[in-house]
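Please work through the exercises below with the model in view. Each task is followed by a solution in steps.

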Amino acid sequence: FKTGCSLVFSYSGQSIPNRLDVKIEKGVKIYFDAVETQARVEQVKLKVVELFADGQRAVVDKYEPEAVSVLVWHVAAHEVGHAIYGIRNIDAHIQKETGVLLEEPRAELTAMFTLRLLHQKGVLSMPELQRHLVHFALDGLRYFAKFDSQPLQPYIIFQMHAYCTYFKHGLLAFNDAKQMVIDDSKTMQVLDDFSATFEEILACLDQNDAAAGKRLE
């Protein structure tokens, strides 16, 4: 059941509690909302048809975005990232705003690092990996639709970085009609890039000093 802020805003998943002292003493629970997630997937499909070349056939029908896949392969690792990696551990060396803005991007990178690791360990085939990365990229569209939302700024900042990464490596490109097209053969290049950024952030958290804080800033 839902209480508190969940009555007016629902998450696909959430790692609770947020308070570090309670988390340390009591542990962490993670929950998922498949109904809310599917509603978001339907929003994304409408944007895909609008923004991608032959969006229905070449993207929606081909990659088949749906809630369970998003929860299992993206949201789960994202929420585990919140549970086990604490930006607040380095609070003494960074501005408060930096910690707030980095927490969600670091959780998103946890999911991408985990996808790559699961492929390397033989859990995910390359076609499966490509599909899950495309799902992740498509999900970012809904954040751009709410670009001026202050509460969503950490997510939006990450998606700006993510889309720059997709275009840098050619996973996404514009055709002559200014619609996006997907080249999923670039999946590993994108995940390698994401993983390098993720590991750099973790190295700073482990170092936990003024020099590491300066790098995060």
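Helices (H or I, at least four residues) and strands (E, at least two) are DSSP runs, numbered from the N terminus. The model is predicted, so local features need pLDDT of at least 70 and side-chain atom pairs pLDDT 80 or more, while totals for chains, interfaces and linings use all residues. Residues are numbered from 1 along each chain as its sequence is written, and side-chain values use heavy atoms, without hydrogens and water.

**Exercise 1.** Determine which elements supply at least two residues each to the lining of the second largest pocket.

*Solution.* A pocket is found on a 1 Å grid over the protein atoms alone, as an open set of points where a 1.4 Å probe fits, with protein on both sides within 12 Å along at least five of seven lines; lining residues have an atom within 4 Å of a point.
- Step 1: The elements are α5, α8, α9 and α10 (210-216).
- Step 2: The greatest share, five residues, comes from α5.

**Exercise 2.** State which element gives the most to the lining of the largest pocket.

*Solution.*
- Step 1: α5 does, with eight residues.

**Exercise 3.** Describe how α8 and α9 are placed.

*Solution.*
- Step 1: The axes (lines fitted to C-alpha atoms over the stretch in contact, with angles from 0 to 180 degrees between N-to-C directions) of α8 (residues 153-169) and α9 (residues 187-207) come within 9 Å and cross at roughly 140°.
- Step 2: α8 is therefore oblique to α9, since angles under 35 degrees count as roughly parallel, over 145 as roughly antiparallel, 65 to 115 as roughly perpendicular and the rest as oblique.
- Step 3: Contact (heavy atoms within 4.5 Å) involves residues including Phe-158 of α8 and Val-190 of α9.
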